[in-house]
Each structure stands twice: as C-alpha cells, then as structure tokens.
Amino acid sequence: MTKTVKGTVVIDQVRCKGCNLCAVACPTGTLAMHPVEINDKGYHFSYMANPENCIGCANCGLVCPDACITVYRAKK
C-alpha cells in the first residue's frame with residue numbers, strides 16, 4: 001500500500017486581507033475566499049473550501065504576502 005501525503009492549511013483569519021493569492025496558487029482547488037463571513041477588518045478571508053483535496057504543497061503559504069498561512073503535512 002502506498003502512503004499518500006495529506007495536508008492541512010491553517011489560516012489566521014483575523015489577519016487575512018482577502019487578496020485571493022492563496023486560492024489562485026492552490027493546484028488542487030482547496031482554498032477559496034469565504035463567500036459570506038468577513039473578519040473584523042471587513043475582508044472575506046481565505047478558508048479550506050475543499051479540505052479533502054489538500055496535498056500539503058505549501059504554495060498558498062509561499063505566496064501569502066502577510067504570512068497568514070501555515071501548512072501541515074502528514075503521511076496517511
């Protein structure tokens with residue numbers, strides 16, 4: 001049996017300014033801007049819309065200009 005790598009993205013929703021760069025950089029369509037909720041600053045923040053798709057590539061964390069994203073990887 002082959003082990004697969006699954007990822008989890010933790011977003012600091014208070015600091016996120018909704019620039020959407022993380023969602024664009026995500027190759028698996030895991031991230032999106034929250035369609036309804038906003039943070040205290042009035043921005044639609046990023047969230048894991050499709051968490052089952054995350055492969056832990058960390059592209060989102062690399063492109064985030066405010067370092068709001070932490071990516072964790074685990075072999076399953």
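In which loop does Ala58 lie? In this predicted model, where residues are numbered from 1 along each chain as its sequence is written, local features need pLDDT of at least 70, side-chain atom pairs count only at pLDDT 80 or more, and totals for chains, interfaces and linings use all residues. Side-chain values use heavy atoms, with hydrogens and water left out.

Ala58 is placed in the loop between β3 and α2, where helices (H or I, at least four residues) and strands (E, at least two) are DSSP runs numbered from the N terminus. Although Ala58 is not a glycine, its phi is positive, at about 70°. With a relative accessible area of 25%, Ala58 is partly exposed; buried denotes under 20% relative accessible area, exposed over 50%, and partly exposed the range in between (1.4 Å probe, protein chains only). A positive phi, of about 75°, is also found at Asn20, likewise not a glycine. Asn20 belongs to the loop between β1 and α1 and counts as partly exposed at 31% relative accessibility. Most residues other than glycine have a negative phi.

The largest nonpolar core contains 14 residues, of which Val9, Ile11, Cys22, Leu31, Met48, Cys60 and Ile69 touch the most other members. Such a core is a set of buried Ala, Val, Leu, Ile, Met, Phe, Trp, Tyr and Cys residues joined through side-chain atoms within 4.5 Å. Two or more residues are given to this core by each of β1 (5–11), α1 (21–25) and β2 (31–33). In soluble globular proteins, nonpolar side chains tend to be buried together.

With neighbours within four places in sequence left aside, Cys22 is in contact (heavy atoms within 4.5 Å) with Leu31, Met33, Ser46, Cys60, Val63 and Ile69. Ser46, in strand β3 (residues 46–48), is buried, because its relative accessible area is 0%. Residues up to four places away in sequence not being counted, Ser46 touches Ile11, Gln13, Cys16, Cys22, Leu31, Ala32 and Met33.

Thr30 occupies the loop between α1 and β2 and is buried, its relative accessible area being 1%. A polar atom of the Thr30 side chain lies 3.3 Å from the backbone nitrogen of Cys54. Beyond its neighbours within four places in sequence, Thr30 is in contact with Tyr47, Met48, Ala49, Asn50, Pro51, Asn53 and Cys54.

Leu62, located in helix α2 (residues 59–63), is exposed, with a relative accessible area of 71%.

Ala67, in the loop between α2 and β4 (69–75), is exposed at a relative accessible area of 55%. The C-alpha atoms of Ala67 and Ser46 are separated by 13 Å, the two residues being 21 residues apart along the chain. Lys76 lies in the segment after β4 and counts as exposed, at 59% relative accessibility. From C-alpha to C-alpha, Lys76 and Lys6 are 6.8 Å apart in space, while 70 residues apart in sequence.

Definitions and conventions: A polar contact is a pair of N or O atoms within 3.5 Å; within protein, one must be able to donate a hydrogen and the other to accept it, and residues adjacent in sequence count only if both atoms are side-chain atoms.
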